[in-house]
Amino acid sequence: MFDISLTFSRGDFTLQAALQLRAGGLHVLFGPSGSGKTTLLRLLAGLENKAVGHIHAPDGRNWLKMPSRLRPVGLMFQQHALFPHLSVRHNIAFGLRGKTENERVAMLLEAISLSHRAHCRPGSLSGGECQRVALARALAPAPQLLLLDEPFSSLDEQAARELQQLLKTLQQQDGFTVLMVTHNKSEAYRLADSVWLLEAGKVSGGGEPDHMLMGQRLSGRFQAEAEVCHVESDGLMARLEVRMEKRRFSLLVDESWRLQHGIEAGSRVLLTAKASDFSVFPVS
Amino acid sequence: MNNDALLLSFQLAACTALLLIVAGMPLAYALARWRFPGHLLAEAIVTLPLVLPPTVIGFYFLVFLGRDSAAGRLAEHLFGTPLVFTFSGLLLASMLYSLPFAVQPMQRAFEAVPAHMRDAADVLGASWWQRFFVIELPLAWPGVFSGLVMAFAHTLGEFGVVLMVGGNIPGQTQTASLLIYDHVQSFDEAAAHGLAAMLLVISFLSILIMLIIQRRMRHDV
C-alpha cells in the first residue's frame with residue numbers, strides 16, 4: 001500500500017492530499033482543471049520539493065525524503081515530452097544504466113510494437129506512437145509507481161484504446177502501481193480500481209469507481225438489442241456496425257472480447273448505457 | 001602587411017569567439033535558468049557593450065588595466081607582459097566588447113528548452129551533467145552556434161576598441177579594419193577596397209553559413 005499525505009503551498013494555492021493506493025492497482029485522480037492534479041503528480045515525482053508530509057511506499061521508505069532522480073517513479077507527461085533529438089531507442093534507454101540496457105530496450109520496443117522504428121526520431125512518429133514510446137520510456141527503469149498525466153487526451157479513440165490495453169498488459173506483467181490523471185469519466189470508470197476526487201486543492205475522497213463517479217446521479221440503465229451488420233478487425237480492435245430499428249452506428253470493441261463471445265455479422269448484441277450518460281432535450 | 005593584419009583579425013576573432021563560448025556559456029545558462037539577487041543587474045551589464053561606444057570601453061580598459069593601474073601591474077607581474085598594446089589585451093577587450101553577441105543567443109536558447117524536458121530527464125534519474133550535456137546543450141545548440149558566429153563576425157569588424165587598446169602597431173596589433181582606415185587616410189583607395197571587400201565577403205559568408213546550419217539543426221530536431 002502507498003500511504004500518501006502531503007501539504008504543499010505556492011502563493012494562494014494550497015494542496016492537501018491524503019491517499020491510500022493499493023500496490024499493483026490502477027488508480028485515477030479525477031477533478032476539474034486547476035484543482036491541483038498535475039501538482040500532486042509532480043510532488044509524487046519529486047519535481048516540487050517544498051511539500052510536507054510523507055509518501056510511505058510498500059518498500060518501507062519515505063519517498064518524500066528522496067530526490068527526484070532516486071525515486072522509483074515513472075512519469076508520463078500529457079504531451080509525451082520525448083527528447084526530439086534522440087531516437088526512439090535512445091529515448092527509452094535514457095533512464096537505464098547497466099549491462100541489461102539493450103535487452104530491456106528491445107523487450108519494451110517489442111511490447112509497444114515499434115521495434116521497426118527504433119532508430120526514428122519522435123518527430124516522424126504519429127501521436128499514438130509517441131505516447132507508446134513515452135510509456136515505454138517511463139517504464140524502462142522498472143518504476144514501482146507510474147504516474148500518468150492525462151495520457152490519452154491527445155489521442156483519437158482507437159489510439160487511446162490501444163494504449164490503454166497496452167498499459168493494462170504491461171501492468172499485469174510487471175505489477176507496478178498506476179496513478180492516472182484524467183478528465184474523462186468513462187475512461188476513469190472503465191480503467192480504475194479506485195478513483196480519488198480532487199477539488200480546489202483538496203482530496204475529497206476515494207473509493208470504487210461506481211461509488212465515486214456515479215453517486216446519486218445513477219438512477220437507471222438504458223438497454224436495447226441490436227443486430228451486428230458488419231465487422232472490421234485489425235487484430236487488436238474490432239469495429240462493429242450495428243443496426244437498431246432503422247438506425248445504424250459503429251462501435252469499437254476489443255478484438256479479443258469479440259472473438260471470445262463469437263460476435264460476427266448477424267449476431268445480436270445487447271447495448272447498455274448508464275442513464276446518467278444521457279442528456280434530455282425537448283422536441284420542438 | 002595586408003596578410004598580417006588579416007591573419008591577426010582572424011586569430012583575434014576566432015580566439016574571442018571560442019573563449020566567449022567557454023566562458024559565456026555558464027553565464028548564459030545561469031541567466032536563463034535561475035533567478036538570483038542581482039539577476040537584472042547582471043543582465044544589464046552583459047547587454048551594456050551593445051549600446052556603449054567602443055571608445056568608452058577602450059578608454060576604461062586603458063584606465064583600469066593600463067601599465068600604471070594596480071590590475072595592469074598585477075597582470076604584467078603574473079604573465080610577464082603588459083595587457084595594453086598586446087594581443088592578450090586585444091583579446092580581453094574584444095571579449096568584453098563582444099560579450100552580449102555570444103551570451104544573448106545562448107541565453108535565449110537555454111530559455112527555450114521546455115521545462116518538461118528537464119523534468120523528464122530528472123524523473124528518469126539523470127544527473128545534472130547528464131541532463132545538461134545529453135538534453136539541454138543539444139537542444140540549445142543552434143543558439144550556441146549562433147553566439148559563436150556572431151561573436152566571430154562582430155570581433156572581425158571591431159575598430160574603436162582595438163584602436164584604443166592595441167594602438168594600431170603594424171605587425172602586432174594592427175587588425176584588418178585598422179589597416180583599412182590607414183589606407184583611406186593615405187589615399188590608397190585600391191588597397192582599402194581590396195581589404196574591405198574581403199571583410200565584407202567573409203562576414204556575409206559567416207552569417208549565411210550560420211543560417212544554413214541553424215536551419216539544418218532545426219530540421220534535424
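**Salt bridges within and between chains**

A:D59 is partly exposed, with a relative accessible area of 32% (buried is under 20%, exposed over 50% and partly exposed in between, using a 1.4 Å probe and protein chains only). The model here is predicted, so local features need pLDDT of at least 70 and side-chain atom pairs pLDDT 80 or more, while totals for chains, interfaces and linings use all residues. Residues are numbered from 1 along each chain as its sequence is written, chains are lettered from A and ligands numbered from 1 in the order in which they are written, and side-chain values use heavy atoms, leaving out hydrogens and water.

The partner of A:D59 is A:R61: the two form a salt bridge (a side-chain nitrogen of Lys or Arg within 4 Å of a carboxyl oxygen of Asp or Glu), with the closest N and O atoms 3.1 Å apart. A:R61 is partly exposed too, at 40%.

Another salt bridge in chain A pairs A:D174 with A:R104, with 4.0 Å between the closest N and O atoms. A:D174 sits in helix α5 (residues 157-174) and A:R104 in helix α3 (residues 101-111), so the pair ties together parts 70 residues apart in sequence; helices here are DSSP runs of H or I with at least four residues, numbered from the N terminus. A:D174 is partly exposed at 41%, whereas A:R104 is buried at 17%. Elsewhere, shared partners link A:R10, A:R42, A:E48 and B:D119 into one salt-bridge network.

Within that group, A:R42 bridges to B:D119, the closest N and O atoms being 2.7 Å apart. A:R42 belongs to helix α1 (residues 37-45) of chain A and B:D119 to helix α6 (residues 115-123) of chain B, so this pair joins two chains. B:D119 is buried, at 12% relative accessibility. Over all chains, the search turns up 18 salt bridges.
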